[in-house]
Structures are given as C-alpha cells and as structure tokens.
Amino acid sequence: MHDVPFWLWAVFVVIVVASLAVDLFAHRTAHAIGFREATAWSVAWISLAILFGGVVFLVVGTDAGVEYTTAWLLEKSLSVDNLFVFALIFSYFQVPRAYQHRVLFLGVLGALVFRGLFLAAGVAVVSRFTAVLYVFAAVLFWSTYKILKGEDESFDPGKSVAVRLLRKVIPVRDEYAGPHFFVKEAGKRVATPLLAVVAAIEAADLVFAVDSVPAVLAVSSDVFIVYTSNAFAILGLRALYFMLAGLLDRFHYLSVGLAVILGFIGVKLVLQATHETVTTAVPEIPSLVSLAVIVVVLAVSMTVSVLRPPAEQDKTG
C-alpha cells in the first residue's frame with residue numbers, strides 16, 4: 001500500500017465532481033455530439049488523467065505513478081469493449097443521437113459508484129486471501145478464450161436482468177418523450193425507453209467489471225491507485241464513444257489485442273499469487289513491464305487493423 005496523503009484524495013474528489021459539473025453544464029442542451037466536439041473532449045479527459053498521473057508521480061512516488069499509468073491505460077483499453085456494447089444498445093433501442101450523451105452521463109455516474117464498491121471489495125479480499133488471485137486469473141483466461149473464439153458478442157440489451165426488472169417495477173412506454181426519463185399518462189407515472197437504455201448501460205458495465213476488476217488488481221492492490229485510474233478511464237468514455245462512433249469496425253484486430261492483454265494479465269496474476277503463497281523464488285512481472293506490454297500490444301493491433309482492413313471494407317475502398 002502506498003502512503004497517499006488525505007489532501008490528494010480530496011483533490012481527486014474535487015476534480016471528479018468539478019469535471020462532471022462542467023460536462024453536464026456544457027451539454028445541458030440535448031444535441032448530437034459531432035466528431036470535432038468529441039475529439040476536443042477526449043483530449044481534455046486524457047490530458048486531465050495524465051496530469052493527475054504526474055501529480056501521483058511527484059507526491060506518492062515513481063512506483064505509484066507507474067502503477068497508476070499502467071492501470072489507467074489498461075482500463076482505457078478494456079473500455080473499448082464497452083464502446084461496442086454502447087453502440088449495440090443504442091441501435092437496439094433506436095436512441096436518437098441527441099439523447100445519447102444524457103444516457104451515457106448517467107451511466108458514468110453509476111459506473112463510478114459500482115466500480116468503487118467492487119474495487120474496494122476486491123482489494124479487501126485480496127489483502128486477506130491472496131490465493132483468490134488464482135480465481136481472478138481464471139476469470140481473465142476464460143475472457144481471453146471467449147474473445148478469441150468470438151463468443152464475446154452475446155449481450156442482448158432487451159433481455160438484460162436490469163431491463164427486465166425495470167419493466168416489472170414500472171411500466172415502460174414504447175415512444176421517447178424528448179430527453180425525459182418519466183412522463184405521466186392517464187395520471188400515472190411511466191418510464192420512457194430512455195430509462196430502459198440507462199438500465200441496459202449499467203447492466204453492461206457490471207458485466208465488464210467482471211474482467212476489469214481482476215485485471216486492475218493485477219497491477220496494484222492499492223485502493224487509491226485502482227480507483228483513481230478507473231475513474232479517469234470511465235470519465236472519458238462518453239467522449240471516446242462519440243469520437244470513435246462509426247470507426248470501431250476499422251479496428252477489427254483490437255479485440256485480439258485485448259485478448260492478448262487479458263491473457264498476459266492472467267499470467268501476471270498467477271505468478272504474483274504463486275510468489276506470495278508458494279515460494280518467493282517465482283518471479284513477479286514488474287508494473288513497468290506490464291505498461292510496456294500493454295502499449296506495444298495496443299499499438300500493434302491498431303496498426304495491423306489499419307494496414308489490413310476488413311475484406312468487405314477493402315473491396316469497397
């Protein structure tokens with residue numbers, strides 16, 4: 001565990017709250033987010049995450065800074081899968097582009113809360129039962145297998161538990177009512193499909209947390225590192241989605257890269273667990289090496305995607 005001063009926690013909270021407030025104010029009027037606007041916001045979120053990482057380097061130390069950077073980049077790369085699911089959910093519910101940012105904003109709020117709970121629980125379990133790292137490694141290996149076998153595209157937004165529970169709790173009308181989540185019909189309050197979309201987004205994030213939480217815990221078991229890196233990765237998801245909307249299919253080898261990263265992190269967990277529970281003679285993979293592997297794998301998978309476009313795109317291009 002790193003010696004993190006309380007004021008740095010306070011600074012982090014202020015940054016997150018202020019960022020959400022600014023983002024909400026900037027998008028107070030529903031409108032379709034264009035590529036230029038999304039790119040500007042993406043640069044802002046990435047810059048903010050990097051600047052905070054610099055503070056971590058200076059205040060907490062080099063090891064903490066490397067762990068933060070590695071965890072943030074790992075979460076950022078794994079979030080690409082979220083983008084594909086966002087696109088699937090929006091297509092399934094036929095969400096107008098003008099309302100998509102509003103949905104994702106609430107999805108981010110929910111993700112910040114639920115990821116915080118999961119990560120805190122994960123850190124607590126790992127600190128008491130180190131052998132659970134083997135279980136986490138197995139989860140990552142299984143995820144790697146599913147991605148490589150093409151079995152990772154089975155998410156059905158309409159059948160998610162969250163959406164089904166919502167429909168049991170409150171009636172959901174078929175038509176949208178502008179940016180509203182609730183309307184009154186015949187004196188009764190009913191939900192619009194927009195609320196069902198939020199429920200589907202939250203359900204998807206819970207599914208992805210199954211991979212994300214074990215992966216980031218392989219980088220660090222420090223609550224400050226794992227949560228701040230997750231938070232900054234999550235904050236930039238909305239802008240990243242709108243920036244890459246329509247371009248996701250071009251990076252068709254990225255899923256292979258993500259599978260390689262998850263498999264590598266799984267191996268790192270096995271070595272770490274064996275080092276701590278069996279014998280210290282078993283080496284651990286340093287965070288700096290993990291950072292290098294993640295950067296190289298992402299760069300290679302994206303470069304190959306550009307150099308070798310999908311067959312259909314190659315024929316039409």
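A salt bridge here is a side-chain nitrogen of Lys or Arg within 4 Å of a carboxyl oxygen of Asp or Glu. Keep that cut-off in mind on this tour of a predicted model.

**Whole chain.** Start with the cartoon. The protein chain has twelve helices and two strands. Its order is α-α-α-α-α-α-β-β-α-α-α-α-α-α. The radius of gyration is 20 Å, which agrees with the value near 20 Å for a compact globule of 317 residues. Along the principal axes, the C-alpha atoms fill a box of roughly 70 × 55 × 40 Å. Buried residues make up 49% of the chain.

**Network.** Select Glu75, Arg115 and Asp205. A network of salt bridges links these three residues. Zoom in on arginine 115 and aspartate 205: their salt bridge spans 2.9 Å, N to O. Arginine 115 sits in helix α4 (residues 97–128) and aspartate 205 in helix α7 (residues 193–217), 90 residues apart. Arginine 115 counts as buried, at 5% relative accessibility. Aspartate 205 is buried too, at 8%.

**Helix α1 to helix α9.** Next, select aspartate 23 and arginine 238. They form a salt bridge, with the closest N and O atoms 2.1 Å apart. Aspartate 23 is in helix α1 (residues 6–26) and arginine 238 in helix α9 (residues 237–244), so the pair ties together parts 215 residues apart in sequence. Both residues are buried.

**Arginine 173 and glutamate 175.** Move on to this pair. Their side chains meet in a salt bridge at 3.7 Å, N to O. Glutamate 175 is partly exposed, with a relative accessible area of 46%.

**Last view.** Zoom out and show the salt bridges together. The whole structure holds five.

Technical notes. Residues numbered from 1 in each chain as written. Predicted model: local features only at pLDDT ≥ 70, side-chain atom pairs only at ≥ 80, totals over all residues. Heavy atoms only, no water. Helix = DSSP H or I, 4+ residues; strand = E, 2+ residues; numbered from the N terminus. Rg over C-alpha atoms; globule rule 2.2 N^0.38 Å. Buried < 20%, exposed > 50% of the residue type's maximum accessible area, 1.4 Å probe, protein only.
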